[in-house]
Amino acid sequence: MVKAIEWFKDRVIMLDQSRLPAEVTYIECCDYHTVAEGIKKLWIRGAPAIGIAAAMGIALGARDIETEDFEEFMAKLEPVCNLLLSTRPTAVNIQWAVDRLKGLLADKGGLPVVQLKEMLIEESKRILEEDREVNRAIGRYGAGLIKDGDAILTHCNAGALATGGYGTATAPMFIAQEQGKRIQVFADETRPILQGARLTAWELMQEGIPVTLITDNSAGSLMKKGLVDLVIVGTDRTVRNGDVANKIGTYPLAVLAKEHGIPFYVAAPTSSIDLSISTGDEIPIEERDPSEVTHIFGKVTANGRESFWGSIRIAPEGVAVRNMAFDVTPHRYVTAIITEKGVFKPGDVRHIMDRL
Ligand code: MRU
C-alpha cells in the first residue's frame, strides 16, 4: 500500500501528492518550516496525514532547539507548534497532534532536554504506526456495512494517501475485498484540486479495486438509476452533535443520498473528532487561493522546470471566486459514523471518549 509519509534518518519524507499521478516524487523535509510548507501546498493532505506530518514537524523543530533548560525549550517549541497550527484550519488533527506531543512533555521537566527530543521523535513515529492500526479497525467495522456486489460512492481522497495507511473511507473497501466481497467504487473527481481523479482513482487501481471515475455533478443521476448502494466519505472534523466537515461537495452528496434512501457513512478516526465544538457552524472552513478554481491541472514547462499545478487558465482574468475547501454536513444526513471504536449514530459520537 502506498505510503504518504515516513520518518527516515532524521528527516521527514513526503510523497508529493501535488504531482500525482503524473509523477511519483518524494520530498525530504529537514526542518519544520519545510513540513509546514508541505502541508500548506498539499504535498501532503488529508486530515490524519497532516496530523502525522505536524507531529513529525514538531519533532524536527524540537530537535533543532539549542538549550538544556526545560522552560526555555518549551517556550521555543511554541512558535514551532503555532506555525504548524496555522497551515490548515479545518482538520482538527493538527491540533490533536500538538496537544498529544505537548501533553507528553507536560510533567517531564525533570528529564534532560536531549531525552525529551528523542521522546518527541518516537511519539511522532508512534502516531504514524497507530494510525495504520486505527484505519484497519475502521476497515473491519466498515466492511460489515458492505454487502457482496455493492457499489460505493466516495468523494475526495480519504485513502492511504490521506493517512498512515489503508485510509479511513477506503479501509472498509479494502477489508471488504479481502473478505472476498465483490465491490465497485464510484470516485467523484472532486474539483478544484481533483483528489478523487488524481489520488483515489490511482490508489484504488493499484489495489485492484474496480473504480469508475465520475464528474462531481454525476452522483444524482447515478443514485436515481439505482446504481449506488452506499456512500462512504472521510472527515476533517466531526463535532459533538455529529455534524461533519469534509471536502467541499460532501454536503450535497449527503442530501442526495437521503433523497434516494441511500446510507451515508462517515469514516472518522477519533483523532478527527472534536468534542470541544458543539455544532458544525463553529468549524473553521479553509478558503484557498482563487487560482485553484480559475486554473486546472496541466503540464507546462516554465523556466526549464515542469510544473503540474494550476497551469491552465479556464476562467476569465479578474473573475470573482469563492474557493471554500470544505463544507459541513448536518448530522441529520449522516446514517452512521464509522470509528476505530465501533459504528455510532452521529448523535452518539459524544459518548465515544467513554470508550477510550
Ligand atoms: O484538502 P484535502 O485534500 O486535505 O481534503 C481531504 C478531505 O477532505 C478528506 O476527505 C478528509 O481529510 C479525510 S482523510 C481520511
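Reply: We begin with a term that the later steps rely on: contact means heavy atoms within 4.5 Å. Please keep in mind that this is a predicted model.

Me: Which residues is L120 in contact with, leaving aside its neighbours within four places in sequence?

Reply: Once those neighbours are set aside, L120 is in contact with A59, A62, F73, L77, L101, L104 and L105.

Me: What is the general idea behind looking for a core, and which residues touch the most other members here?

Reply: In soluble globular proteins, nonpolar side chains tend to be buried together. In this model the largest nonpolar core has 46 residues, and those touching the most other members are I5, V35, I44, L77 and L120. At least two core residues come from each of β1 (5–8), β2 (11–15), β3 (26–29), α1 (32–40), α2 (47–63), α3 (70–85), α4 (93–105) and α5 (113–143), while the largest share, 12 residues, is supplied by α2. Another core, of 26 residues, lies apart from this one and includes M223, V244, A257 and F264.

Me: What does the secondary structure of the chain come to, and how does the radius of gyration relate to the globule rule?

Reply: The chain has 10 helices and 18 strands. Its radius of gyration is 20 Å, close to the 21 Å that the globule rule gives for 356 residues, so the chain is as compact as a globular protein of that length.

Me: How much of the chain is buried?

Reply: Buried residues, meaning those under 20% relative accessible area, make up 55% of the 356 residues.

Methods: Residues are numbered from 1 along each chain as its sequence is written. This is a predicted model: local features need pLDDT of at least 70, side-chain atom pairs count only at pLDDT 80 or more; totals for chains, interfaces and linings use all residues. Side-chain values use heavy atoms; hydrogens and water are left out. A nonpolar core is a set of buried Ala, Val, Leu, Ile, Met, Phe, Trp, Tyr and Cys residues joined through side-chain atoms within 4.5 Å. Buried means under 20% relative accessible area, exposed over 50%, partly exposed in between (1.4 Å probe, protein chains only). Helices (H or I, at least four residues) and strands (E, at least two) are DSSP runs, numbered from the N terminus. The radius of gyration is taken over C-alpha atoms; the globule rule is 2.2 Å times the number of residues to the power 0.38.
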